[in-house]
Amino acid sequence: MAQTLDEILQKNISLMTQCGVNYQEWQHEPILDFATDDIVGKRLGWTATPTKSLFLNFKKGGHALLLTHRDARLDSKKIKALLGQRPSIASDEEMIESLGCVPGAVCPFGMPDHIPLIVDSVLFEFESLMYTPGPPEYTFAFAAKDLASLLDALPNSIYHLNA
């Protein structure tokens with residue numbers, strides 16, 4: 001059974017606290033697409049780099065989650081070189097069943113332990129990052145320098161893309 005959005009949010013708050021990471025939190029209307037994200041971001045004065053999380057499916061079975069820059073495109077060949085399998089983007093139904101997230105607001109932290117996380121190394125080059133911590137009406141931002149400590153605290157297997 002998938003976790004609830006509130007459980008995902010609480011896992012994210014616990015992760016930030018456990019790692020001693022300072023973060024900003026905003027509550028706003030639900031963001032489920034880039035257009036709404038741009039409108040809300042301008043209104044709230046966001047300066048952090050937006051990320052996106054793609055829930056991936058593999059033909060041989062299994063899943064992974066790719067955390068990358070919002071404007072990056074899925075490079076299936078690089079993922080195949082990294083994990084040995086060519087990915088496709090999982091269906092909304094499969095993502096909801098596996099993660100409990102809402103389509104358009106996939107959270108990169110607090111996933112089931114067996115789902116690997118692929119992190120695009122470009123994210124470490126920015127000053128700060130922002131993401132949806134479960135419910136689409138929340139946004140968190142934190143210093144990109146803290147990403148490594150957050151990843152180290154996760155039970156998931158972590159892979160670095162473009163490292």
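**Loops, core and charges**

Analyst: This is a predicted model, and a glycine is the place to begin: G100 is found in the loop between α4 and β5.

User: Is G100 buried or exposed?
Analyst: The loop that holds G100 runs between α4 and β5. Residues under 20% relative accessible area are taken as buried. The value for G100 is 14% relative accessibility, so this glycine counts as buried.

User: What distance separates the C-alpha atoms of G100 and G134?
Analyst: Along the chain, G100 and G134 are 34 residues apart.

User: Which element gives the largest share of the largest nonpolar core?
Analyst: The largest nonpolar core has 30 residues, and those with the most contacts inside it are L99, F109, L117, F142 and L147. Two or more residues of this core come from each of α1 (5-19), β3 (63-69), α4 (92-99), β5 (117-120), β6 (128-131), β7 (138-143) and α5 (147-152). The largest share, 4 residues, is given by α1.

User: Is L15 buried or exposed, and what distance separates its C-alpha atom from that of L154?
Analyst: L15 is found in helix α1. With a relative accessible area of 7%, L15 falls under the 20% limit and is therefore buried. Although L15 and L154 are 139 residues apart along the chain, their C-alpha atoms are separated by 8.3 Å.

User: What is the C-alpha separation of L56 and P87?
Analyst: L56 is found in strand β2 (residues 49-58), and at 0% relative accessibility it counts as buried. Along the chain, L56 and P87 are 31 residues apart. Their C-alpha atoms are separated by 5.9 Å.

User: Which residue pairs with R70 in a salt bridge of 3.0 Å, N to O?
Analyst: A search of the whole structure finds 5 salt bridges. One of them links distant parts of the chain, with R70 in the loop between β3 and α3 and its partner, 33 residues apart from it, in helix α2 (residues 34-44). Both members of this pair are buried, R70 having 13% relative accessibility. The partner of R70 at 3.0 Å is D37.

User: D71 also forms a salt bridge with R70; is D71 buried or exposed, and which residues are linked in the network?
Analyst: In the pair of D71 and R70, the closest N and O atoms are 3.4 Å apart. D71 has a relative accessible area of 53%, and because this is over 50%, D71 is exposed, whereas R70 is buried. The network of salt bridges links D37, D38, R70 and D71.

User: In the salt bridge of D146 and K145, which residue is buried?
Analyst: The side chains of D146 and K145 meet at 3.5 Å, N to O. K145 has 68% relative accessibility and therefore counts as exposed. A relative accessible area of 15% is under the 20% limit, so the buried residue is D146.

User: Which residues form the positive surface patch that includes R86, and how is R86 itself classed?
Analyst: R86 is found in the loop between α3 (76-83) and β4 (87-89). Its relative accessibility is 44%, which lies between the 20% limit for buried and the 50% limit for exposed, so R86 counts as partly exposed. The positive surface patch is formed by K59, K60, K77, K80 and R86.

Methods
Residues are numbered from 1 along each chain as its sequence is written. This is a predicted model: local features need pLDDT of at least 70, side-chain atom pairs count only at pLDDT 80 or more; totals for chains, interfaces and linings use all residues. Side-chain values use heavy atoms; hydrogens and water are left out. Patches are made of residues with over 30% relative accessible area and no salt bridge: like charges are joined within 9 Å, nonpolar side chains (Val, Leu, Ile, Met, Phe, Trp, Tyr) within 5 Å. Accessible areas come from the Shrake-Rupley method with a 1.4 Å probe; for residues, only the protein chains shown count as cover. A salt bridge is a side-chain nitrogen of Lys or Arg within 4 Å of a carboxyl oxygen of Asp or Glu. Lys and Arg count as positive and Asp and Glu as negative; His and the chain ends are not counted. The place of a charge is taken as NZ of Lys, CZ of Arg, CG of Asp or CD of Glu. Buried means under 20% relative accessible area, exposed over 50%, partly exposed in between (1.4 Å probe, protein chains only). A nonpolar core is a set of buried Ala, Val, Leu, Ile, Met, Phe, Trp, Tyr and Cys residues joined through side-chain atoms within 4.5 Å.
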